[in-house]
Amino acid sequence: MGGTESISEPGSPSRNRESETSRHNLSECKVWRNPLNLFRGAEYRRYTWVTGKEPLTYYDMNLSAQDHQTFFTCDTDFLRPSDTVMQKAWRERNPPARIKAAYQALELNNDCATAYVLLAEEEATTIVDAERLFKQALKAGETIYRRSQQCQHQSPQHEAQLRRDTNVLVYIKRRLAMCARKLGRIREAVKIMRDLMKEFPPLTMLNIHENLLESLLELQAYADVQAVLAKYDDISLPKSAAICYTAALLKTRTVSDKFSPETASRRGLSTAEINAVEAIHRAVEFNPHVPKYLLEMKSLILPPEHILKRGDSEAIAYAFFHLQHWKRIEGALNLLQCTWEGTFRMIPYPLEKGHLFYPYPSCTETADRELLPTFHHVSVYPKKELPFFIHFTAGLCSSTAMIALLTHQFPEIMGVFAKAFCSEPLDSPGTTVMGENKHYQRQLRFLAPPPSSPDC
């Protein structure tokens, strides 16, 4: 994804520029785990039962299998038979085979936390069942985590085992928070997320703050949302649609209830309205696909388990959970509809040079087609429509060039065509008929006898 190596001298400016470009391309095409991904058994599979469509692609599920092997396995799994079975389970492609392996691991060790995780994700058909299994996983995971903490300094293998057990514990608590959010216990979900972020601050790559932002918006705790944004909407941290559009929503909230395009065009924009419009332009520049879903110009589907930042997959994942928050604030969607298209007028060539962010990556469409199901029409970067005058001028120039080329190649034939086209008939069809009538009348006068005088 980063391109091929160039044959340049080490340390040369061209080599440095190419390495920077390669790193930038790699970051552009990086696929991220969706922080708000749904449950396979309780949500994705139920969708398949109802519609007969598969919401997840093989590419997306394969990425999840790689994540599970990275987070839930380590080199010391051979020391515990249940972990050995689960290591094979995460590699299975067939869901029934994975579920069967999880039960085998529980037979070997009733405290196998990862086995409960797999059953909660894939076998549970409701969120209530998933939460019950995750609570069993939490009980087993905390026991294993405390045991690993006591042995972490004994060897590098024990340190690797502690990292794995930490990942398992954080994953379980996060999914329990999401279960509580889906079941309406939002304050409980917020508490679990805040505790996770306080207890495990290095795990910012999991983007737990995006789960927290969504839950706080559901509580309409906008001051707390602003506090979270102040911490994570930093220039040194990677951006996301959740961060950019939530910041725009908060600034839109202060002016949207009284905003009117007609009034704004007469008196101009106030300072608060300018800030809101600039925040919307910033968000749209980061991900231009989101407004069509928020304005319901395009239908939503279930979000994938992985997203590509600034792509259609991220836009679906954001709008799927945040559309209700935009609808709740009066006039927010109206202000978005009036202003979001102005971003493309501000950035003449967004694929080459951005205004606030790097140029929009051209690789997103290809990656989104791998992440999103085939029945979904993938959204591409909105291209500007050229005015009619430009189309007319281009057509006229092309026609003139074609005529000049034909004239150069076939001068005699084109001369005949030009004479035939330019020459006009001496008499029109109506004139010819009148001329024939006059000639016929002259002949009749010549043949007719002279009129007799009155005296005869």
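Q: What does contact mean in this structure?
A: Contact means heavy atoms within 4.5 Å. One thing to keep in mind as we go is that this is a predicted model.

Q: Which helices cover the buried residues of H14?
A: The cover includes helix H12 (241-253), helix H13 (261-267) and helix H15 (290-294). It also includes helix H16 (312-328), helix H17 (332-339) and helix H18 (342-346).

Q: Which residues of H14 are buried?
A: A residue is buried when its relative accessible area is under 20%. In H14 that group takes in Glu-273, Ala-276, Val-277, Ala-279, Ile-280 and His-281. Arg-282, Ala-283, Val-284, Glu-285 and Phe-286 belong to it too.

Q: How far apart are the end C-alpha atoms of helix H14, and what span should its 16 residues have?
A: The expected span takes 1.5 Å for each residue, leaving one residue out of the count. Helix H14 (residues 271-286) should therefore span 22 Å, and its end C-alpha atoms are 23 Å apart, which agrees.

Q: How many residues are in the largest nonpolar core?
A: In soluble globular proteins, nonpolar side chains tend to be buried together. Here the largest nonpolar core has 98 residues. Those with the most contacts inside it are Met-86, Phe-134, Ile-172, Tyr-245, Leu-294 and Trp-326. Helix H8 (residues 156-182) gives the most to this core, with 10 residues. Apart from this core lies another, of 6 residues, among them Leu-38, Tyr-44, Leu-56 and Leu-302.

Q: Which residues does Met-86 touch?
A: Not counting residues up to four places away in sequence, Met-86 touches Ala-101, Ala-102, Ala-105, Cys-112, Thr-114, Ala-115 and Leu-118.

Q: Now for the surface. Which residues make the nonpolar surface patch?
A: Met-402, Leu-405, Leu-406, Phe-410, Ile-413 and Phe-417 make a patch of about 600 Å². H20 gives the most, with 3 residues.

Q: Where is Phe-410 found?
A: Phe-410 is in the loop between H20 and H21. Its relative accessible area is 45%, so Phe-410 is partly exposed.

Q: How many salt bridges does a search of the whole structure find?
A: Side chains of opposite charge can pair when their charged atoms come close. The search finds 21 salt bridges. In one of these, the side chains of Arg-80 and Asp-83 meet at 2.6 Å, N to O. Both Arg-80 and Asp-83 are buried.

Q: Which residue forms a salt bridge with Glu-122?
A: Arg-98 does, and the closest N and O atoms are 2.9 Å apart. This pair links distant parts of the chain, with Glu-122 in helix H6 (residues 113-122) and Arg-98 in helix H5 (residues 95-108), 24 residues apart. Glu-122 and Arg-98 are buried. Salt bridges also link Arg-40, Arg-98, Glu-122 and Glu-305 in a network.

Q: Are Arg-185 and Glu-188 buried or partly exposed?
A: Arg-185 has 29% relative accessibility, so it counts as partly exposed. Glu-188, at 36% relative accessibility, also counts as partly exposed. Arg-185 forms a salt bridge with Glu-188, with the closest N and O atoms 2.6 Å apart.

Q: Let us finish with the backbone. What is phi of Gln-220, and what is phi of Arg-310?
A: Phi of Gln-220 is near 60°, a positive value in a residue other than glycine. Gln-220 sits in the loop between helix H10 (208-219) and helix H11 (222-232). With a relative accessible area of 44%, Gln-220 is partly exposed. Phi of Arg-310 is near 75°, again a positive value in a residue other than glycine. Arg-310 is in the loop between strand E2 (306-308) and H16. Arg-310 is buried, because its relative accessible area is 9%.

How values were computed:
Residues are numbered from 1 along each chain as its sequence is written. This is a predicted model: local features need pLDDT of at least 70, side-chain atom pairs count only at pLDDT 80 or more; totals for chains, interfaces and linings use all residues. Side-chain values use heavy atoms; hydrogens and water are left out. Helices (H or I, at least four residues) and strands (E, at least two) are DSSP runs, numbered from the N terminus. Buried means under 20% relative accessible area, exposed over 50%, partly exposed in between (1.4 Å probe, protein chains only). Patches are made of residues with over 30% relative accessible area and no salt bridge: like charges are joined within 9 Å, nonpolar side chains (Val, Leu, Ile, Met, Phe, Trp, Tyr) within 5 Å. Accessible areas come from the Shrake-Rupley method with a 1.4 Å probe; for residues, only the protein chains shown count as cover. A salt bridge is a side-chain nitrogen of Lys or Arg within 4 Å of a carboxyl oxygen of Asp or Glu. A nonpolar core is a set of buried Ala, Val, Leu, Ile, Met, Phe, Trp, Tyr and Cys residues joined through side-chain atoms within 4.5 Å.
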